[in-house]
Amino acid sequence: MTRDLKFFQAINEATDLCLARDPSVYLMGLHVPADPKGVFGTVLGLSKKYGPERVMDMPTSENGMTGVAIGSALVGMRPIMVHQRIEFALLAVEQIINQAANWHYMFGGQAAMPLVIRMIIGRGWGQGPQHSQSLQALFAHVPGLKVVMPATPHDAKGLLIAAVEDNNPVIYLEHRWLHNVFGPVPEGRYTVPIGKARTARKGMDVTIVATSYMVLESLRAADLLARDGIEAEVVDVRSLRPLDKVQIFESIRKTGRLVVVDGAWRSLGFAAEVLALAAEQIYGILKAPPARVTFPDLPSPSTPALAQHFYPRAVHVVNGVRTMMGLPEVTEEQLGIQHETPLDVPDKAFTGPF
Amino acid sequence: MASVALRDLYLRMVRIRLVEEKIAELYPEQQMRCPVHLSVGQEAVAVGACAALEPEDYAVSTHRSHAHYLAKGGNLKAMLAELYGRVTGCCGGKGGSMHLIDRSVGFLGAVPIVGSTIPIGVGVAFGTILRKEHHVTIVFLGDGATEEGVFHEAVNFAVLKRLPVVFVCENNFFSVYSALDVRQPPLRDIHVLARGYGLDSHLGDGNDVEVVYAMTNVAVEKARAGGGPTFLEFKTYRWREHCGPHYDNHVGYRSEQEFEEWKARCPITSLKQRLLQRGQATQQDLNGIEAGLAEEVEAAVAFAKASPFPEPELLQDHLYAP
């Protein structure tokens, strides 16, 4: 049966299910059992249900504890590690990139590395440059890692279960602003295959390839574009590595136009990669130069006065497409966009401070 | 307590010495196309520590891992083939000297990033506890690794969870060319630092295999009984250069005199004298066995050299585990 759940509930349900199904799964992270808010609700109730040995807090030692997770995986455990902000995972980049990513290959295929690392990305409430970076390109650059970015509650659950059941290190990136998004989620176990994109909206005129939260902004943009008779196809990539090039190319072949919308920096990033792939492999079918809608190449500012010009939203996607179509740019006023909430919160329920 | 005859410990050290001397001899042929870090002079730590383990116990190691791999029972042919980049190597040629593994004997891996296998070894021990298995894990590390953050992170966790780990620190006084005195303050021994984390911590003579074996045995027994981790610092000395087959006293980071003093304390020569004095072996007996070991090494080299290189298709293999 399918019912509506919030994104955070979908993560919680997936984790619960994996813990129940497989005794080798355990969950670890700073404050995982201790945080009264349960890491944005995603781990609420799990320590009570499974005990502190399977849902465990840890010393403030991100790199060391990633090594512990890796070592436990070598003898048959399937750890899930959680970082409340992706920046804390940077303390563990040595273990993630040198060790976890390479282990299977460098030892000639003799050791699987079933490890999931959840990292929370995204903006909100003046988080500033060390609590808001979206470093998907950093991790997706590394062979041996898999990197997934769910955009819907359905995929949040299915991709997490797939990640836990995968025998490789999977970086699971969840955007802070998605946690309260509602959507249909089937009960019970199901997986969303890692490496498969999803068509979030069908269209004939332009392909918008989007990641994570930017899928939502792209869908809003597609609605606005449709009013002017421009039908955008929105491809939610879901997995950055492996990347579903087939589906992305199929869509571009149909529309002849490509805009990549990624909540991350512009240069040398995911959007640049998709443009490069298009240039290399389907250059001849593009009707216009492809475009990127991304963060500017700057650290993110804390003040809402500047943040509103840093984080792209639907209007910027609309203008990316319009420019490509040879149409003049429009303003939010012209589009009739009225923000019901301030620009630095994801929804009405959010009142800070985190 | 595991019981291994001293004569066997001696022969295990000789075997490792012969392998490494053979690597040093053949390296200039330019057929082993990977860096090698030899532990000639340090054999007593590897052999003494691993002799205290059962085959199903685990070990992880560092860039200087040949001795640990062999002492744990790793396959010699597969190790040499790995150094020669052959498909028959212990990593199919993808690892080279700095990445050795032999899961069949619990040698779970060695990596060249200093300190990185310390938390991994602790995680192995943690995994065995979660799985309610009763194995002990030895984490081999050098003195330089105790300066890495992960050492402190991992030791803290091992103590917190009373994990069945024995940290075996080979203090050979050098991190590449940097001597201990430019890296750590005087009058603060590494084992004393480790003791600050609240685990049993001891210093021993790393050139005396009997000492290493006895101390590790106590630690392993304690770990197996649920008594938690132990840190053992063994002082020993690297005879040859950090990386490569040569002696390097002429480059100026250590004195010839210091080197000669340590060489005079060769763990193999001194044990041999003890064995002969105590009547636990005869010169003739040892000569015969050593000749056999030398033959084994020659055969392993021949196996490695005769083995094929991996086919180009294997470049793509093993990116992901199925």
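1. A polar contact is a pair of N or O atoms within 3.5 Å, where within protein one atom must be able to donate a hydrogen and the other to accept it, and where residues adjacent in sequence count only if both atoms are side-chain atoms. Across the interface of chain B and chain A, this rule finds 17 residue pairs in polar contact, both residues being at pLDDT 80 or more.

2. The model is a predicted one, in which local features need pLDDT of at least 70 and side-chain atom pairs count only at pLDDT 80 or more, while totals for chains, interfaces and linings use all residues. Residues are numbered from 1 along each chain as its sequence is written, chains are lettered from A in the order in which they are written, and side-chain values use heavy atoms, with hydrogens and water left out.

3. Chain B and chain A bury about 3200 Å² between them, 66% of it on carbon and sulfur atoms; buried area here is the accessible area (1.4 Å probe) that two parts lose on being put together, summed over both. The contact (heavy atoms within 4.5 Å) takes 41 residues from chain B and 40 residues from chain A. Zero salt bridges are found across this interface, a salt bridge being a side-chain nitrogen of Lys or Arg within 4 Å of a carboxyl oxygen of Asp or Glu.

4. On the side of chain B that touches chain A, β2 (107–110), α5 (117–130) and α6 (149–160) of chain B each supply at least two residues, and the largest share, ten residues, comes from α5(B). Helices (H or I, at least four residues) and strands (E, at least two) are DSSP runs, numbered from the N terminus.

5. Thr117(B) has its place in helix α5 of chain B and counts as buried at 2% relative accessibility, where buried means under 20% relative accessible area, exposed over 50%, and partly exposed in between (1.4 Å probe, protein chains only). Leaving aside neighbours within four places in sequence, Thr117(B) is in contact with Trp103(A) from the other chain, and also with residues including Val60(B), Gly109(B) and Val139(B).

6. In chain A, Thr207(A) is found in strand β10 (residues 206–210), and Thr207(A) is buried, with a relative accessible area of 0%. The side chain of Thr207(A) makes a polar contact with the side chain of Thr255(A), at 2.7 Å. Beyond neighbours within four places in sequence, the residues in contact with Thr207(A) include Glu233(A), Ser251(A) and Arg257(A).
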